[in-house]
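Please walk through the model below, one region after another.

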Amino acid sequence: MKTRISPMIIALLLAGMLAACAPAEKAASDQLNVTVSILPEKYFVERIGGDAVAVNVMVGPGDSPHTYEPKTDQMTALSKSALFFTIGVEYETAWMDRFTAANPDMQIIDLSAKLEKIPMVAHHHHEEGEHAGEGEEEEEGGLDPHVWTSPENVKSMSQTIYETLAAADPNHQAEYQANLEAFIKDIDQLEADIRANLSGIDSAKFIVFHPSWGYFARDFGLEQVAIEIEGSEPSAQELATIIDEAKEENAKVIFGQPEFSTKTAEYIAQEVNGKVLLIDPLAENWLENLRAVSGTFGEVLKSQ
Ligand code: ZN
(Lines give C-alpha, C1' and ligand atoms only; values in the text may rest on other atoms or scores of the structure.)
Protein backbone atom coordinates (compact mmCIF):
# COMPACT_ATOMS: atom_id res chain seq x y z
CA MET A 1 0.00 0.00 0.00
CA LYS A 2 2.67 2.38 1.09
CA THR A 3 4.68 2.05 -2.05
CA ARG A 4 1.59 2.64 -4.21
CA ILE A 5 0.36 5.69 -2.30
CA SER A 6 3.66 7.39 -1.78
CA PRO A 7 4.23 8.41 -5.41
CA MET A 8 0.70 9.84 -5.46
CA ILE A 9 1.32 11.84 -2.31
CA ILE A 10 4.62 13.04 -3.70
CA ALA A 11 2.93 14.04 -6.93
CA LEU A 12 0.23 15.92 -5.01
CA LEU A 13 2.81 17.62 -2.83
CA LEU A 14 4.86 18.60 -5.86
CA ALA A 15 1.78 19.98 -7.61
CA GLY A 16 0.91 21.95 -4.49
CA MET A 17 4.44 23.28 -4.16
CA LEU A 18 4.55 24.32 -7.80
CA ALA A 19 1.21 26.10 -7.49
CA ALA A 20 2.39 27.88 -4.36
CA CYS A 21 5.81 28.80 -5.75
CA ALA A 22 4.97 29.87 -9.26
CA PRO A 23 3.14 33.17 -8.50
CA ALA A 24 5.67 34.17 -5.84
CA GLU A 25 8.57 33.57 -8.19
CA LYS A 26 6.84 35.51 -10.92
CA ALA A 27 6.18 38.44 -8.57
CA ALA A 28 9.78 38.41 -7.36
CA SER A 29 11.17 38.45 -10.89
CA ASP A 30 8.80 41.29 -11.81
CA GLN A 31 10.06 43.51 -9.00
CA LEU A 32 12.64 46.16 -9.70
CA ASN A 33 15.76 45.35 -7.63
CA VAL A 34 17.12 48.42 -5.88
CA THR A 35 20.03 48.88 -3.46
CA VAL A 36 20.21 51.74 -0.93
CA SER A 37 22.80 52.71 1.67
CA ILE A 38 20.81 53.37 4.86
CA LEU A 39 17.49 52.30 6.43
CA PRO A 40 15.68 55.67 6.04
CA GLU A 41 16.37 55.44 2.28
CA LYS A 42 14.80 51.95 2.28
CA TYR A 43 11.71 53.57 3.77
CA PHE A 44 11.66 56.35 1.11
CA VAL A 45 12.08 53.91 -1.79
CA GLU A 46 9.41 51.54 -0.41
CA ARG A 47 6.98 54.42 0.15
CA ILE A 48 7.29 55.38 -3.53
CA GLY A 49 8.00 51.98 -5.10
CA GLY A 50 5.48 49.96 -3.10
CA ASP A 51 5.32 46.27 -4.05
CA ALA A 52 6.89 46.96 -7.43
CA VAL A 53 10.38 47.30 -5.90
CA ALA A 54 12.58 44.99 -3.80
CA VAL A 55 15.05 46.94 -1.66
CA ASN A 56 18.50 45.74 -0.54
CA VAL A 57 19.91 47.93 2.27
CA MET A 58 23.65 48.06 2.92
CA VAL A 59 24.03 49.69 6.38
CA GLY A 60 21.77 47.65 8.68
CA PRO A 61 20.55 48.29 12.24
CA GLY A 62 23.40 49.16 14.61
CA ASP A 63 25.93 49.78 11.82
CA SER A 64 27.51 53.19 11.21
CA PRO A 65 27.49 54.58 7.65
CA HIS A 66 30.83 56.25 8.43
CA THR A 67 32.78 53.04 8.89
CA TYR A 68 30.60 50.35 7.32
CA GLU A 69 31.97 47.41 5.27
CA PRO A 70 29.49 45.49 3.05
CA LYS A 71 28.96 41.74 3.62
CA THR A 72 29.16 39.06 0.92
CA ASP A 73 25.38 38.52 0.67
CA GLN A 74 24.82 42.26 0.33
CA MET A 75 27.36 42.44 -2.51
CA THR A 76 25.48 39.54 -4.17
CA ALA A 77 22.18 41.44 -3.84
CA LEU A 78 23.88 44.59 -5.15
CA SER A 79 25.17 42.67 -8.18
CA LYS A 80 21.49 41.96 -9.09
CA SER A 81 20.30 45.55 -8.61
CA ALA A 82 19.20 47.73 -11.49
CA LEU A 83 19.53 50.89 -9.37
CA PHE A 84 21.66 52.03 -6.44
CA PHE A 85 20.48 55.13 -4.57
CA THR A 86 23.49 56.53 -2.70
CA ILE A 87 23.07 59.40 -0.22
CA GLY A 88 26.61 60.73 0.26
CA VAL A 89 27.65 58.82 3.40
CA GLU A 90 31.30 57.98 3.92
CA TYR A 91 31.48 54.24 3.24
CA GLU A 92 30.09 54.80 -0.30
CA THR A 93 33.22 56.63 -1.45
CA ALA A 94 35.53 53.94 -0.08
CA TRP A 95 33.58 51.14 -1.79
CA MET A 96 32.39 52.75 -5.04
CA ASP A 97 35.02 51.11 -7.28
CA ARG A 98 34.10 47.67 -5.94
CA PHE A 99 30.37 48.41 -6.37
CA THR A 100 30.75 49.36 -10.02
CA ALA A 101 33.07 46.37 -10.62
CA ALA A 102 30.47 44.01 -9.06
CA ASN A 103 27.67 45.41 -11.27
CA PRO A 104 28.84 47.56 -14.21
CA ASP A 105 25.26 47.89 -15.59
CA MET A 106 23.79 49.25 -12.35
CA GLN A 107 22.61 52.87 -12.49
CA ILE A 108 23.98 54.87 -9.53
CA ILE A 109 21.94 57.87 -8.39
CA ASP A 110 23.28 60.19 -5.67
CA LEU A 111 20.17 61.42 -3.85
CA SER A 112 22.16 64.17 -2.13
CA ALA A 113 23.46 65.66 -5.43
CA LYS A 114 20.75 68.34 -5.71
CA LEU A 115 20.76 69.26 -2.01
CA GLU A 116 22.44 72.27 -0.50
CA LYS A 117 24.99 70.84 1.94
CA ILE A 118 25.86 72.63 5.16
CA PRO A 119 29.27 72.60 6.83
CA MET A 120 29.86 70.23 9.71
CA VAL A 121 29.88 72.74 12.55
CA ALA A 122 32.07 72.11 15.57
CA HIS A 123 30.85 72.80 19.08
CA HIS A 124 34.09 74.60 19.75
CA HIS A 125 36.01 77.06 17.65
CA HIS A 126 39.63 76.17 17.05
CA GLU A 127 41.85 78.95 18.22
CA GLU A 128 44.14 80.56 15.65
CA GLY A 129 47.10 78.35 14.89
CA GLU A 130 45.78 75.47 16.93
CA HIS A 131 45.66 71.99 15.38
CA ALA A 132 47.64 73.13 12.34
CA GLY A 133 47.83 69.53 11.07
CA GLU A 134 44.05 69.05 11.15
CA GLY A 135 43.28 71.87 8.76
CA GLU A 136 43.40 69.71 5.63
CA GLU A 137 41.32 66.98 7.18
CA GLU A 138 38.56 69.43 8.07
CA GLU A 139 38.45 70.87 4.56
CA GLU A 140 38.13 67.40 3.03
CA GLY A 141 35.30 66.15 5.23
CA GLY A 142 33.81 69.55 5.83
CA LEU A 143 30.24 69.00 4.63
CA ASP A 144 27.58 67.38 6.76
CA PRO A 145 26.41 64.06 5.21
CA HIS A 146 23.32 63.61 7.46
CA VAL A 147 20.97 65.18 4.88
CA TRP A 148 17.95 62.94 5.63
CA THR A 149 17.18 64.58 9.01
CA SER A 150 15.59 67.46 7.04
CA PRO A 151 12.00 66.81 5.82
CA GLU A 152 12.54 69.36 3.02
CA ASN A 153 15.58 67.39 1.84
CA VAL A 154 13.53 64.21 1.93
CA LYS A 155 10.86 65.81 -0.30
CA SER A 156 13.56 66.65 -2.84
CA MET A 157 15.11 63.17 -2.64
CA SER A 158 11.66 61.57 -3.01
CA GLN A 159 11.11 63.48 -6.24
CA THR A 160 14.43 62.09 -7.53
CA ILE A 161 13.46 58.56 -6.42
CA TYR A 162 10.10 58.89 -8.21
CA GLU A 163 11.65 60.15 -11.46
CA THR A 164 14.26 57.37 -11.41
CA LEU A 165 11.76 54.58 -10.70
CA ALA A 166 9.31 55.88 -13.33
CA ALA A 167 12.09 56.00 -15.96
CA ALA A 168 13.39 52.52 -15.07
CA ASP A 169 9.92 50.94 -14.86
CA PRO A 170 7.39 53.03 -16.87
CA ASN A 171 4.66 50.37 -16.44
CA HIS A 172 4.27 51.43 -12.80
CA GLN A 173 4.63 55.20 -13.34
CA ALA A 174 1.07 56.05 -12.24
CA GLU A 175 1.44 53.97 -9.08
CA TYR A 176 4.79 55.62 -8.25
CA GLN A 177 3.32 59.08 -8.79
CA ALA A 178 0.32 58.39 -6.53
CA ASN A 179 2.66 57.00 -3.85
CA LEU A 180 4.91 60.07 -4.11
CA GLU A 181 1.95 62.42 -3.68
CA ALA A 182 0.75 60.51 -0.61
CA PHE A 183 4.25 60.56 0.89
CA ILE A 184 4.67 64.33 0.32
CA LYS A 185 1.32 64.88 2.10
CA ASP A 186 2.60 62.83 5.05
CA ILE A 187 5.80 64.90 5.14
CA ASP A 188 3.78 68.15 5.14
CA GLN A 189 1.82 66.83 8.13
CA LEU A 190 5.08 65.74 9.79
CA GLU A 191 6.52 69.26 9.43
CA ALA A 192 3.38 70.76 10.99
CA ASP A 193 3.64 68.27 13.89
CA ILE A 194 7.33 69.02 14.40
CA ARG A 195 6.62 72.77 14.55
CA ALA A 196 3.84 72.13 17.07
CA ASN A 197 6.17 69.93 19.17
CA LEU A 198 8.83 72.63 19.18
CA SER A 199 6.58 75.60 19.86
CA GLY A 200 7.21 77.35 23.15
CA ILE A 201 10.74 76.03 23.73
CA ASP A 202 12.90 78.06 26.10
CA SER A 203 16.23 77.24 24.49
CA ALA A 204 17.20 76.37 20.92
CA LYS A 205 20.48 74.69 21.86
CA PHE A 206 20.73 70.93 22.20
CA ILE A 207 23.83 68.89 22.99
CA VAL A 208 24.45 65.72 21.02
CA PHE A 209 27.37 63.28 20.92
CA HIS A 210 27.47 62.63 17.14
CA PRO A 211 26.41 65.57 14.91
CA SER A 212 23.56 63.86 13.03
CA TRP A 213 20.92 66.57 13.44
CA GLY A 214 22.41 69.62 11.67
CA TYR A 215 19.84 69.73 8.83
CA PHE A 216 16.97 69.19 11.26
CA ALA A 217 18.31 72.06 13.38
CA ARG A 218 18.62 74.29 10.29
CA ASP A 219 15.02 73.57 9.19
CA PHE A 220 13.44 74.21 12.58
CA GLY A 221 15.58 77.00 14.05
CA LEU A 222 17.52 74.88 16.56
CA GLU A 223 21.22 74.91 17.32
CA GLN A 224 23.15 71.64 17.46
CA VAL A 225 26.12 71.50 19.82
CA ALA A 226 28.17 68.40 18.97
CA ILE A 227 30.57 66.66 21.31
CA GLU A 228 32.27 64.59 18.61
CA ILE A 229 33.02 65.52 15.05
CA GLU A 230 32.90 62.53 12.73
CA GLY A 231 34.80 60.05 14.81
CA SER A 232 37.09 62.22 16.91
CA GLU A 233 36.52 62.47 20.66
CA PRO A 234 37.01 65.92 22.23
CA SER A 235 40.24 66.75 24.04
CA ALA A 236 40.09 67.40 27.81
CA GLN A 237 40.05 71.14 27.15
CA GLU A 238 37.28 70.85 24.55
CA LEU A 239 35.31 68.68 26.96
CA ALA A 240 35.60 71.37 29.63
CA THR A 241 34.29 73.95 27.14
CA ILE A 242 31.24 71.77 26.34
CA ILE A 243 30.51 71.27 30.05
CA ASP A 244 30.69 75.05 30.60
CA GLU A 245 28.36 75.60 27.69
CA ALA A 246 25.92 72.95 28.96
CA LYS A 247 25.88 74.61 32.39
CA GLU A 248 25.37 78.03 30.81
CA GLU A 249 22.39 76.67 28.81
CA ASN A 250 21.14 74.75 31.85
CA ALA A 251 21.14 71.66 29.60
CA LYS A 252 20.16 68.55 31.53
CA VAL A 253 19.99 66.14 28.61
CA ILE A 254 22.86 64.97 26.45
CA PHE A 255 21.68 63.13 23.34
CA GLY A 256 23.42 59.92 22.32
CA GLN A 257 22.96 57.59 19.35
CA PRO A 258 22.67 53.76 19.42
CA GLU A 259 25.55 53.31 16.95
CA PHE A 260 28.07 55.11 19.16
CA SER A 261 29.54 54.82 22.64
CA THR A 262 27.75 56.96 25.24
CA LYS A 263 30.79 57.14 27.55
CA THR A 264 31.63 60.80 26.87
CA ALA A 265 27.96 61.81 26.85
CA GLU A 266 27.50 60.04 30.23
CA TYR A 267 30.50 61.91 31.62
CA ILE A 268 29.12 65.29 30.56
CA ALA A 269 25.63 64.39 31.84
CA GLN A 270 27.14 63.51 35.21
CA GLU A 271 28.99 66.85 35.34
CA VAL A 272 25.76 68.81 34.78
CA ASN A 273 23.55 66.51 36.92
CA GLY A 274 21.66 65.50 33.81
CA LYS A 275 21.05 62.33 31.81
CA VAL A 276 21.71 60.76 28.42
CA LEU A 277 18.82 60.13 26.01
CA LEU A 278 19.29 58.03 22.88
CA ILE A 279 17.89 59.28 19.59
CA ASP A 280 18.46 57.37 16.35
CA PRO A 281 18.79 59.21 13.02
CA LEU A 282 19.00 55.84 11.20
CA ALA A 283 15.67 54.29 12.28
CA GLU A 284 13.85 52.65 9.35
CA ASN A 285 10.44 54.24 9.93
CA TRP A 286 11.78 57.71 9.19
CA LEU A 287 8.41 59.47 9.41
CA GLU A 288 7.41 58.21 12.87
CA ASN A 289 10.99 58.47 14.14
CA LEU A 290 11.30 62.16 13.22
CA ARG A 291 7.93 62.87 14.81
CA ALA A 292 9.02 61.11 18.02
CA VAL A 293 12.45 62.78 18.08
CA SER A 294 10.88 66.24 17.65
CA GLY A 295 8.60 65.43 20.61
CA THR A 296 11.67 64.57 22.68
CA PHE A 297 13.50 67.73 21.61
CA GLY A 298 10.38 69.76 22.47
CA GLU A 299 10.10 68.30 25.97
CA VAL A 300 13.81 68.67 26.70
CA LEU A 301 14.10 72.23 25.37
CA LYS A 302 10.97 73.40 27.21
CA SER A 303 12.40 72.39 30.55
CA GLN A 304 15.94 73.61 29.85
ZN1 ZN B 1 26.95 60.23 11.24
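Helix 2 and helix 6 pack at an angle of about 55°, and their axes are 10 Å apart. Helices here are DSSP runs of H or I with at least four residues, strands are runs of E with at least two, and both are numbered from the N terminus. Axes are lines fitted to C-alpha atoms, for helices over the stretch in contact, and angles run from 0 to 180 degrees between N-to-C directions. Helix 2 and helix 6 are therefore oblique to each other; angles under 35 degrees count as roughly parallel, over 145 as roughly antiparallel, 65 to 115 as roughly perpendicular and the rest as oblique. The crossing of the two helices is right-handed, a term used when the near helix is turned clockwise from the far one by less than a right angle, with left-handed for anticlockwise.

On the helix 2 side, the contact is made by Phe 44, Val 45, Ile 48 and Gly 49, and on the helix 6 side by Val 154, Met 157, Ser 158, Ile 161, Tyr 162 and Leu 165. Contact means heavy atoms within 4.5 Å. By type, the residues of this contact divide into eight nonpolar, two polar and no charged. Ala, Val, Leu, Ile, Met, Phe, Trp, Tyr, Cys and Pro count as nonpolar, Asp, Glu, Lys and Arg as charged, and the others, Gly among them, as polar.

The model is predicted: local features need pLDDT of at least 70 and side-chain atom pairs count only at pLDDT 80 or more, while totals for chains, interfaces and linings use all residues. Residues are numbered from 1 along each chain as its sequence is written, and side-chain values use heavy atoms, with hydrogens and water left out.

Helix 2 (residues 39-49) is mostly covered, with nine of its eleven residues buried. Buried means under 20% relative accessible area, exposed means over 50%, and partly exposed lies in between, for a 1.4 Å probe and protein chains only. Among the buried residues of helix 2 are Glu 41 and Lys 42, as well as Tyr 43 and Phe 44. The cover over these buried residues includes strand 1 (32-38), strand 2, strand 3, helix 6, helix 7 (173-198) and helix 11 (286-302). Gly 50 follows helix 2 and has a positive phi, near 55°.

For the protein as a whole, there are eleven helices and eight strands. Buried residues make up 46% of the 304 residues. Of the contacts with a separation of 6 or more, 66% are between residues 24 or more positions apart.

Leu 198 lies in helix 7 and is buried, with a relative accessible area of 8%. Leu 198 touches Phe 216, Phe 220, Leu 222, Ser 294, Phe 297 and Gly 298, not counting residues up to four places away in sequence. Leu 198 and Leu 301 are 103 residues apart in sequence and 8.1 Å apart in space, C-alpha to C-alpha.

Next comes the metal site. The protein donors of the zinc ion are His 66 (NE2), His 146 (NE2) and His 210 (NE2), lying 1.9 to 2.0 Å from the ion. Donors are N, O and S atoms within 2.8 Å of the metal (3.2 Å for Na, K and Ca); water is not among the atoms, so sites may look incomplete. Along the chain, the donors follow the spacing H-x79-H-x63-H. His 66 is in the loop between strand 2 (53-59) and helix 3 (72-79), and His 146, 80 residues apart from it, is in the loop between helix 5 (135-140) and helix 6 (151-168). Both His 66 and His 146 are buried.

Helix 9 (residues 236-249) and helix 10 (residues 263-271) pack at an angle of about 45°, with axes 10 Å apart. That makes helix 9 oblique to helix 10. The contact is made by Leu 239, Ile 242, Ile 243 and Lys 247 of helix 9 and Thr 264, Tyr 267, Ile 268 and Glu 271 of helix 10.

Asn 250, in the loop between helix 9 and strand 7 (253-256), has a positive phi of about 60° although it is not a glycine.
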